[in-house]
Amino acid sequence: MNKHFTRLFMSFFIALITTWGLSAQNGIISGKVTDGTEGLIGASVQVVGTSTGTVTDINGNYSISIAPGSYSIEVTYVGYATQRKDVTVSSGSDTKMDFLLTEGLGLDEIVVVGSRNPNRTATETAVPVDVIDISELTNIGPQTDVNQLLNFVAPSFTSNTQTVADGTDHIDPASLRGLGPDQVLVLINGKRRHTSSLVNVNGTFGAGSVGTDMNAIPTASIERIEVLRDGAAAQYGSDAIAGVINIVLKKQVNKLAATLTTGGQMSKNSNNFDGGMDGEKVQLDLNYGLPIGDKGGVINLTGSFSTRGAATRNRPMGKPIYLAYHGIENVARNDGYDVSQLQYNMADIKNYGQQVSYFSSTMKDDINNAATMGDLMDILKADVSDSELAVRGLSRSDFSMKSGQAALRGGKFFANMSLPTGDSGEFYAFGGLGYRNGKGAGFYRRPAYTDGRGNTPAFPNGFLPHITSNILDKSLALGIKGKLGEWNSDLSNTYGQNSFDFFIVNTSNSTLGTSTPREFNAGGFTFGQNTSNWDLSRFYDNILSGMNVALGSEFRVERYALHAGEEASWASYDKNGQVVTSTTPDSLKVKSPFGKVIPGGSQVFPGYRPSNEVDAFRTSYAGYVDLEFDMSKAWMVDVAGRYENYSDFGSTFTYKIATRVDVNKQFAIRGAYSTGFRAPSLHQINFNATGTQFVNGIPYEVGTFANNSRAAELFGIPKLKEETSQNYSIGFTSSLKDMGLTFTLDGYMINVNDRVVLTGNFSKPDKTDNPELWQIFENSAANRAKFFTNAVNTSSKGIDAVLSHDTKLGGGRLNTSLALTLSKTEVEKDANGNPKINQISDKLRGLESTYFGESNRINMENAVPTTKANLTFNYSSGKFGAMLRNVYFGAVTDPDLHKDKDGNKYHAEYGAKIITDLSLSYDFSKSMTITVGANNLLDIYPDEIAGDHQDGRVSGFDNTYGGQFNYSRRVSQFGYMGRFIFGRVALKF
């Protein structure tokens with residue numbers, strides 16, 4: 001490690017010393033870039049088709065020395081429309097050329113992703129790239145975080161808040177083109193962003209995947225987001241199977257922007273929420289930029305502070321709450337009896353049983369006549385919930401879960417700096433620090449659990465446990481750009497780290513009875529990533545009609561660490577208060593009154609054990625070449641290849657070829673073919689833990705065992721290897737600038753082999769059948785097991801269409817955009833129509849439906865909308881602005897099984913919905929704008945979960961958990977919180 005870092009920093013400082021210089025030329029182009037009121041510092045001034053360019057100084061002035069000839073000069077500045085002018089330079093001349101920029105982004109904005117040619121715009125690339133003006137959206141739109149902004153703007157992107165899903169309640173998984181959260185690469189300013197330390201293991205969309213927490217980046221720091229909708233692993237490396245999302249940070253200076261947004265869920269749903277407001281949100285964003293020196297240096301700073309209240313959408317508890325034993329327990333407690341000892345005294349149970357007022361005389365006789373404790377407990381399993389609720393003055397609503405939206409609060413800080421060096425060099429740095437605290441509820445621990453997890457001696461009415469999280473995210477990128485002879489050089493180092501710690505509150509380690517703590521530190525994990533890049537590029541204007549050559553290298557170090565929680569968070573204790581081990585006799589284990597061993601650890605989320613602890617490293621290095629040929633003025637070809645080597649699984653080579661033909665000035669055809677890969681994450685290789693999971697309403701202690709563990713070996717789980725892909729795309733673009741109209745249509749097919757998934761839950765073996773594996777289950781306090789594995793191949797096909805129109809209307813300007821995605825993902829099938837399982841071992845024959853079952857398949861194929869459309873009208877006139885947006889979310893299918901009244905099993909489909917957003921804004925002065933509006937204006941909810949009934953009774957497939965869940969917690973098109981009303985005050989100075 002030391003040798004690698006020594007070489008890295010030696011090369012960095014050598015480049016720091018040598019990366020500048022511009023040879024003398026024969027003519028000068030100079031001028032000023034303004035917005036009509038003041039000069040713009042740090043604007044990019046580029047000679048189109050060459051590598052020559054500069055940035056404006058503190059007053060907005062620039063100067064370029066260049067050989068005589070005719071050129072196009074292009075000026076770009078974040079937040080302003082790109083402008084291009086033609087000029088002819090003669091020897092010894094000083095040609096003046098000023099630029100007046102107008103605010104707003106367009107498809108003619110120079111993009112970072114999709115092409116390494118520094119002059120390509122979004123409509124000139126060979127692959128589809130969406131350019132999303134975040135500053136405009138955050139000014140008038142109701143969404144305030146990155147994931148939700150993209151979910152309602154980019155049809156190919158999907159992300160939703162999860163519920164009752166442990167850590168996934170606090171970090172939203174996201175998808176591009178229906179693929180997994182870990183199959184899209186996220187960049188900031190063109191540099192690889194680290195992923196979250198959280199791996200999704202609780203059965204929601206993206207189960208088994210590790211995504212990037214884009215909500216850790218404050219929206220106020222973002223100028224635009226570029227969404228490359230095409231495979232790009234050959235250009236950018238692992239993860240870029242579905243595409244690339246590049247977040248471009250602001251560089252504006254001498255402007256203070258302060259925005260306060262507040263609102264809440266003002267909704268009414270007759271089944272579970274009868275009006276009022278919950279889920280209140282307050283967010284304060286501050287952004288300010290400062291010039292550095294007088295050569296165009298800039299530092300832009302952003303702070304964001306937000307709180308989001310919890311919101312719940314569930315019905316009252318429909319399951320049994322109290323058993324007859326708890327009626328006796330309550331009488332004894334009121335009599336001053338130590339109820340923790342009641343289960344050991346049969347005579348006292350019989351005595352207090354005669355005092356329960358609502359027991360029938362028959363039941364009292366049965367209690368008196370019980371010959372054994374076992375016979376007595378069988379009698380006392382009777383459901384007496386309604387009678388006991390009346391005695392205690394409670395209702396079923398007091399035992400409701402809190403399914404819906406977790407509470408969050410946090411702060412984020414981001415900075416972006418650029419400092420010119422020499423005549424053409426630039427030192428840059430960016431990064432941030434963010435903290436988020438979340439609090440989400442789990443399943444209610446009812447007294448009626450016969451395994452004693454409700455711990456009624458300490459909690460007479462059971463308890464609703466909560467998972468709280470402390471999420472810390474930090475990043476820093478440093479680099480220097482400049483000229484090495486005729487080559488553009490960019491040397492950088494990017495570090496990022498995400499940590500996630502769990503604290504469980506209002507809960508119990510039920511093996512400790514009345515002495516249990518109520519709060520536990522359950523441990524957590526950290527993921528760190530350091531990426532060093534050296535990128536070179538050069539444009540040759542004398543080869544064909546132009547050729548851009550880009551090449552570079554990358555060295556990456558990753559670390560994943562999992563640390564244990566406090567002992568009481570994971571341990572089971574015996575009757576003597578000692579930690580239960582494999583040698584603890586059954587007679588010393590703490591059991592419930594009904595004879596079942598009580599599960600240990602903090603209820604809802606048992607802490608990580610010392611045996612779960614991991615500290616794993618790996619390194620990778622890569623090199624790439626990317627050649628872009630202008631075969632003629634109308635035909636471009638891009639060819640790229642990339643080699644990567646990982647220390648833990650070997651090497652891979654990917655390549656890409658793309659082309660674009662301009663049929664005329666208004667119409668172009670484009671297409672691409674590429675191969676790609678995704679390395680299994682360190683999380684997927686090493687994560688291991690035991691947690692409580694509810695399957696069809698029944699709690700199981702499920703062990704997720706590491707892929708490289710002895711348990712995996714005994715089950716016959718293969719070692720993880722990389723996912724590979726083939727990506728095909730073809731489409732066309734049309735730009736009718738005279739009509740203000742642009743249109744793109746792209747079709748694609750993405751084949752992914754050896755996708756990494758989480759298996760289903762394998763049962764615990766009998767001790768006599770496999771004593772070693774049985775002991776592993778015992779040591780992990782698990783009765784089920786699941787694993788990460790390369791299970792299946794998938795094929796995704798789809799069409800993306802984007803139509804944009806801009807026109808003058810009624811003294812103002814109307815921008816209309818229509819975007820549509822039609823997609824379909826299918827798991828490869830065998831001859832019998834069943835999922836074709838990859839590399840399954842003989843030990844797993846007959847267990848294919850557990851290894852990769854119907855629930856897994858639906859999660860891949862139908863858990864996100866296969867059809868999504870967005871129609872947006874954005875109007876501005878003078879001081880007034882308005883935005884109307886309708887988003888069509890297609891149908892999804894529930895991975896959970898249901899039963900109808902005839903006992904037939906089925907997977908419920910939840911139909912398509914249209915969500916309407918409306919916002920109105922008014923500029924009360926040059927410095928203040930007020931906006932009001934709504935997300936989901938018409939208060940639309942998803943389809944409700946169908947009742948699971950058989951012969952008029954709730955079946956074993958209890959997906960509503962006693963009627964509490966109105967909506968599926970496994971799939972969600974747009975959430976189920978209903979209407980969100982907001983107001984915003986924006987100040988600019």
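## Before we start

Residues are numbered from 1 along each chain as its sequence is written. In this predicted model, local features need pLDDT of at least 70, side-chain atom pairs count only at pLDDT 80 or more, totals for chains, interfaces and linings use all residues, and side-chain values use heavy atoms, with hydrogens and water left out.

Helices (H or I, at least four residues) and strands (E, at least two) are DSSP runs, numbered from the N terminus.

## A sheet of four strands

Let us begin with an open sheet of four strands, which follow the order S3-S2-S5-S6 with antiparallel pairing. Here, two strands pair if DSSP finds at least two bridges between them. At the edges are strand S3 (53–55) and strand S6 (83–89), each of which pairs on one side only. On average, neighbouring strands of this sheet are turned by 20° against each other, direction ignored.

Strand S5 (residues 69–76) and S6 run antiparallel and are joined by seven bridges. To find your way along this pair, look for Val75, which stands opposite Gln83 in S6.

## A sheet of five strands

Another open sheet has five strands in the order S9-S14-S15-S12-S13, and its pairing is mixed. Its edge strands, each pairing on one side only, are strand S9 (129–133) and S13. Strand S12 (residues 184–188) and strand S15 (residues 243–249) run parallel, with five bridges joining them. Val186 has Ile245 in S15 as its bridge partner.

Helix H3 (residues 146–153) lies across S9, S14 and S15, and runs at about 55° to S14. For such angles, axes are lines fitted to C-alpha atoms, for helices over the stretch in contact, and angles run from 0 to 180 degrees between N-to-C directions.

Phe205 is found in the loop between strand S13 (191–192) and strand S14 (222–228). Is Phe205 buried or exposed? Phe205 counts as buried, because its relative accessibility is 10%; buried means under 20% relative accessible area, exposed over 50%, and partly exposed in between (1.4 Å probe, protein chains only).

Leaving aside neighbours within four places in sequence, Phe205 is in contact with Pro173, Ser175, Leu179, Pro181, Asn859, Ala863, Val864 and Arg970. Contact means heavy atoms within 4.5 Å. Phe205 and Ser159 are 46 residues apart in sequence, while their C-alpha atoms are 9.4 Å apart in space.

## Helices H5 and H6

Two packed helices are described by the angle between their axes and the distance between the axes. The axes of H5 and H6 come within 9 Å and cross at roughly 90°. H5 is therefore roughly perpendicular to H6; angles of 65 to 115 degrees count that way, those under 35 as roughly parallel, those over 145 as roughly antiparallel, and the rest as oblique. Where they meet, H5 brings Tyr325, Ile328, Val331 and Ala332, and H6 brings Ile349, Tyr352 and Gly353. The residues of this contact divide into six nonpolar, one polar and no charged. In this grouping, Ala, Val, Leu, Ile, Met, Phe, Trp, Tyr, Cys and Pro count as nonpolar, Asp, Glu, Lys and Arg as charged, and the others, Gly among them, as polar.

In helix H6 (residues 346–353), the buried residues are Asp348, Ile349, Lys350, Tyr352 and Gly353. Their cover includes helix H5 (324–334), helix H7 (361–369) and helix H8 (373–379). Asn345 caps the N-terminal end of H6, with a side-chain oxygen 3.3 Å from the backbone nitrogen of Ala347. A polar contact is a pair of N or O atoms within 3.5 Å; within protein, one must be able to donate a hydrogen and the other to accept it, and residues adjacent in sequence count only if both atoms are side-chain atoms.

## The loop between S46 and S47

Asn936 is found in the loop between strand S46 (928–935) and strand S47 (949–950). Asn936 is buried, with a relative accessible area of 4%, and its side chain reaches the backbone nitrogen of Ile940 at 2.8 Å. Not counting residues up to four places away in sequence, Asn936 touches Ile915, Thr916, Asp917, Gly978 and Arg979.

Most residues other than glycine have a negative phi. Asn936, although not a glycine, has a positive phi of about 60°. Asp939, in the loop between S46 and S47, also has a positive phi, near 60°. Asp939 counts as buried at 12% relative accessibility, whereas Leu938 counts as exposed at 54%.
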